[in-house]
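This report goes through the chain as a whole, then through selected helices, aromatic pairs and single residues.

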Amino acid sequence: AQEQGTSPFPKHQETIKMDPSDQKFFTVIDYVIFAVLLAASMGIGLYYALSGGRQRTTQEFLMADRSMGCLPVSLSLIASFQSAVAIIGVPAEIYTHGTQYWFIGCAYILGLFIPAHIFIPVFYRLRVSSAYQYLELRFSKAVRICGTFTFIFQMVIYMGVCVYTPAFALNAVTGFELWGTVLATGLVCTLYTTLGGLKAVIWTDVFQTVVMFAGQLAVIVVGVQKTGGVADVWRKVWEGNRISGLDLNPDPTERHTFWTLGVGGVFLMLSLYGVNQAQVQRYLSSRTEKEAVRSCYMVFPSLQLALALSCVMGLVMYQEDMFIVCFPQMVIYFVMDMLHGLPGLPGLFIACLFSAALSTISSAFNSLATVTMEDLIKPQYPAMTEARATLLSKVLAMSYGLLCLAMAYLTHLMGDSVLQVALKIFGMVGGPILGLFCLGMFFPWANSIGALVGLCAGLVVAFWLGIGSILNRSTRPLPLECGTNATIAIQTAFNNTTLSQPSGLKRFYSLSYMWYSGFNCTTVILIGLIISFLTGPTKEEDVMPGTLYPLLGKLFCFLPEHLKKKLCCVTPLGQTVSERIDLIAKNLATFIYDVFAVE
């Protein structure tokens with residue numbers, strides 16, 4: 001916005017309508033609705049704790065007996081993805097920068113089609129419980145353990161953010177006691193996840209998804225009615241340059257363009273819906289592979305609806321005569337002001353916000369308990385009885401719940417900048433994990449050493465890039481306060497933004513965060529392949545059946561069979577490094593010659 005000579009905030013407002021003295025608080029009915037949400041979630045957990053097999057086996061507790069239908073699985077997949085951070089963040093993004101972010105919906109197409117036809121069939125046919133079991137089948141136990149610890153690190157950090165963010169926003173605008181909210185959210189999640197297992201998590205996700213959509217829709221309908229109707233909303237957002245066109249700028253340092261959102265977003269989606277344990281576990285809980293694939297397809301329209309509701313809410317916020325500058329609480333301020341005087345609706349939206357938080361956190365608890373049990377404990381104690389394994393799984397789920405509360409407290413101590421760091425870490429770690437799985441599935445000659453070195457290299461580059469981008473930001477962080485002083489601080493921050501293009505390492509650090517997953521995934525694959533060839537690539541016949549997907553064969557299906565074999569050639573084990581390099585060069589030269597020699 002600064003480059004276009006416009007402010008990122010509405011020009012027609014010069015004062016802040018809402019300040020701390022104007023805070024709106026819950027009525028009795030709002031408290032009742034919010035309490036009903038927590039009670040219903042607990043009730044579902046108790047129901048599945050006392051019905052069926054009563055969660056007496058790890059198969060039932062961790063995998064829901066592999067008996068779930070596609071509808072509840074698909075709604076659970078949406079709820080796991082649609083966190084409270086997204087419900088607060090997307091409207092604020094649209095309000096501040098316009099509708100360019102909406103183009104991320106284009107990434108949903110390949111981001112769901114590829115998992116449905118590549119990752120789900122591979123995982124489901126191997127009958128694994130943890131996605132990281134695949135890494136041992138394809139590579140080695142060491143790769144599996146490294147992948148598991150990377151995932152645990154990723155999710156533990158994100159859990160604290162997911163609990164703290166809605167609690168912090170709610171405390172700032174409703175008067176809720178901050179740590180009372182954090183404890184209520186964390187404890188309710190921990191209890192129903194521990195008592196009811198994956199079945200409880202999935203069915204509470206279904207309930208919470210309905211609440212999420214209802215809360216967002218209520219805000220939009222009331223907001224449009226109070227602000228003059230659809231035509232008036234459209235006129236103001238058009239005059240305020242909030243309707244973004246198709247930006248085809250190929251510069252990867254541009255924060256949001258069609259390419260960063262539509263292409264970079266595909267890798268982000270794959271890291272979430274392709275290889276993330278929280279989502280993979282839901283696929284594997286389906287009755288059949290066909291049901292799992294169908295649930296992935298059913299996610300697409302629902303995700304588009306969720307994205308549309310969040311974006312439209314941001315436009316309605318912009319149209320309202322309210323210059324809000326307290327970014328973490330922006331959406332909550334708007335909702336409390338807009339819905340004030342309509343008993344129950346503020347409570348419905350806050351229930352919507354916490355539904356998103358509960359669904360994301362419970363998914364994290366259950367998936368963390370699963371990978372810890374299946375990848376770290378069971379291999380060490382193969383003779384453990386089923387009853388003891390189930391009890392230990394429940395203890396693990398509860399332990400991760402308490403750890404979540406501790407992470408929320410650390411997030412509180414470290415401040416807002418750490419919230420941004422934690423969200424970047426979540427994106428940075430997903431890319432290397434995606435690269436590790438792609439290396440195993442698509443490249444038959446990749447070996448265990450290449451996988452380990454590739455993962456380590458990907459993580460090092462990811463943290464180098466992420467931390468460097470934070471330390472080299474050209475603008476100051478936006479303040480948390482709401483009020484006139486905050487307005488002056490923000491305007492000063494935007495006025496002091498440097499317009500010159502960065503160069504050298506600073507340009508590298510300026511890479512759009514939407515490219516993080518793709519860049520880090522590619523790093524893992526390239527480094528992994530190079531190390532694999534140098535240390536002795538795996539022979540294709542030595543790879544365990546079912547762990548490969550013939551991607552290269554499908555991409556080069558137009559080539560003759562002998563050329564495809566040369567393209568996918570592997571060198572014999574036991575050669576020196578120089579001999580392998582010579583053979584790789586010779587095979588590559590032969591392949592290029594044969595391609596151009598084919599009539």
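## Overall fold

Among contacts in the chain with a separation of 6 or more, 86% join residues 24 or more positions apart. The model is predicted. Its secondary structure consists of 24 helices and zero strands. The chain has 599 residues, of which 57% count as buried.

## Helix α3

Helix α3 covers residues 70-81, 12 residues in total, and reaches 17 Å from its first C-alpha to its last. That is close to the 16 Å expected at 1.5 Å a residue.

Because 10 of its 12 residues are buried, α3 is largely enclosed by the rest of the structure. The buried residues of α3 are Cys70, Pro72, Val73, Ser74, Leu75, Ser76, Leu77, Ile78, Ala79 and Ser80. The packing partners of these buried residues are α8, α11 (264-273), α12 (277-284), α13 (289-319) and α15.

## Helix α5 and the residue after it

The 20 residues of α5 should span 28 Å at 1.5 Å a residue, and the end C-alpha atoms are 28 Å apart, which agrees. Of the 20 residues in α5, 14 are buried, and the helix is mostly covered.

Just after α5 comes Arg127, with a positive phi of about 55°; this is a positive value in a residue other than glycine. Arg127 belongs to the loop between α5 and α6. With a relative accessible area of 46%, Arg127 is partly exposed. Arg127 also lies over the face of Tyr124, at 5.5 Å from the ring centre.

## Helix α8

Helix α8 (residues 178-226) has 49 residues, and a straight helix would reach 72 Å at 1.5 Å a residue. How far apart are the end C-alpha atoms of α8? They are only 31 Å apart, short of the straight-helix value.

A bend of about 125° is found in α8 at Gly197. After the helix comes Gly228, which has a positive phi near 105°.

## Aromatic pairs

The count of aromatic pairs comes to 17. One of them joins Phe123 and Tyr134, with 6.0 Å centre to centre and 90° between the planes, an edge-to-face arrangement. Phe123 lies in helix α5 (residues 107-126) and Tyr134 in helix α6 (residues 133-138), so the pair ties together parts that are 11 residues apart in sequence. Both Phe123 and Tyr134 are buried.

The rings of Tyr132 and Phe151 have centres 5.6 Å apart and planes at 40°, so this pair is tilted. The pair links distant parts of the chain, 19 residues apart: Tyr132 is in the loop between α5 and α6, and Phe151 is in helix α7 (residues 141-174). Tyr132 counts as buried, at 0% relative accessibility. Phe151 also has 0% relative accessibility and counts as buried. Ring pairs link Phe123, Tyr132, Tyr134, Phe151 and Phe437 into a cluster.

## Cys146 in helix α7

Helix α7 also contains Cys146.

In sequence, Cys146 and Leu455 are 309 residues apart, while their C-alpha atoms are 8.5 Å apart in space. Leaving aside residues up to four places away in sequence, Cys146 touches Leu452 and Leu455.

## Thr372 in helix α15

Thr372 is located in helix α15, which runs over residues 345-377. Why does Thr372 count as buried? Its relative accessibility is 8%, and the cut-off for buried is under 20%.

A polar atom of the Thr372 side chain lies 2.7 Å from the backbone oxygen of Leu368. Not counting residues up to four places away in sequence, Thr372 touches Ile152, Ile377, Leu396 and Tyr400.

Terms used. Residues are numbered from 1 along each chain as its sequence is written. This is a predicted model: local features need pLDDT of at least 70, side-chain atom pairs count only at pLDDT 80 or more; totals for chains, interfaces and linings use all residues. Side-chain values use heavy atoms; hydrogens and water are left out. Helices (H or I, at least four residues) and strands (E, at least two) are DSSP runs, numbered from the N terminus. Buried means under 20% relative accessible area, exposed over 50%, partly exposed in between (1.4 Å probe, protein chains only). A polar contact is a pair of N or O atoms within 3.5 Å; within protein, one must be able to donate a hydrogen and the other to accept it, and residues adjacent in sequence count only if both atoms are side-chain atoms. Contact means heavy atoms within 4.5 Å. The expected span of a helix is 1.5 Å times one less than its number of residues. The bend at a residue is the angle between axes fitted to the seven residues ending there and the seven starting there. Rings of Phe, Tyr and Trp (its six-membered ring) pair if their centres lie within 6.5 Å; planes under 30 degrees apart count as stacked, over 60 as edge-to-face and the rest as tilted. A charge sits over a ring if NZ of Lys or CZ of Arg is within 6 Å of the ring centre and within 35 degrees of the ring normal.
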